Amino acid sequence: MKRALSLCLSLLLLLCGGLVCAADDEPHTHIFGEWYTVTEPTCIDEGEERRDCEGCDAFETRPIDPRHSFGEWYTFIEPSCTDEGEERRDCEGCDAFETRVVPALYHSFVIDPAVPATCTTAGKTQGEHCELCGAVKTKQVTLKPLGHAVLDENGNCRLCGEHIKDLCPYCHRDHSGELFGSLTAWLHRLFYSVRIFLLGT
Ligand SMILES: [Zn+2]
Ligand SMILES: [Zn+2]
Ligand SMILES: [Zn+2]
Ligand SMILES: [Zn+2]
Ligand SMILES: [Zn+2]
């Protein structure tokens, strides 16, 4: 009998104890920590991230969208002065790539300086061209050699001072070595005299 009573008591105690414990262990509000990656996503497959409760064993998970792992951008098409270029970056895990536009450059025009013609050498007018693509904005026009000016009394050119007594006064060439040189020289001297007579130059 005594034994049965003590058994009952201990049973009661156990029940009580259980109740008290249950009251102690009432549901708490989970306090989740930071999300962390459990499985990295790949190009095709979802990954998974998880966060754990700081107070119990509960945790939450959520999927991470599949994503490509792109490398560095690199030039695929060089831009020119007039056309856009293109940059690409490739996925390290598959054949996927992304592109982006590189704006066209602008012409970078530089001056081509004028070269004055002299009595014997050709000159050029001032021009302008793009130093990147070579596009010409202002074309240089070639200027013919001026030809020696009328000689002074010493047979020197009035422009460059060169002594050209032996050259033809009409075309400023040396006819001595030419076929029919003397005839040409004679005719040119005649033309020259007539021109001087008529025009004074
Ligand atoms: Zn919890
Ligand atoms: Zn990929
Ligand atoms: Zn250009
Ligand atoms: Zn000259
Ligand atoms: Zn001549």
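Tutor: Helices (H or I, at least four residues) and strands (E, at least two) are DSSP runs, numbered from the N terminus. In this predicted model, local features need pLDDT of at least 70 and side-chain atom pairs count only at pLDDT 80 or more, whereas totals for chains, interfaces and linings use all residues. Residues are numbered from 1 along each chain as its sequence is written, and chains are lettered from A and ligands numbered from 1 in the order in which they are written.

Student: How many helices and strands does the protein have?

Tutor: The protein has two helices and eleven strands, and their order from the N terminus is α-β-β-β-β-β-β-β-β-β-β-β-α.

Student: Which strands form the open sheet, and in what order?

Tutor: Strands of a sheet pair through backbone hydrogen bonds, either parallel or antiparallel. Two strands count as paired if DSSP finds at least two bridges between them. Here an open sheet is formed by three strands in the order β4-β5-β6, with antiparallel pairing. Because β4 (74-77) and β6 (97-102) each have a single partner strand, they stand at the edges, and one side of each is left without a neighbour in the sheet. Three bridges join β4 to β5 (residues 85-90), and Thr-75 has Glu-87 of β5 as its bridge partner.

Student: Where does Cys-133 lie, and which residues is Cys-133 in contact with?

Tutor: Two residues are in contact if their C-beta atoms, placed from the backbone, lie within 7 Å. Cys-133 sits in the loop between β9 (127-130) and β10 (136-138), and, leaving aside neighbours within four places in sequence, Cys-133 is in contact with Ser-80, Cys-81 and His-107.
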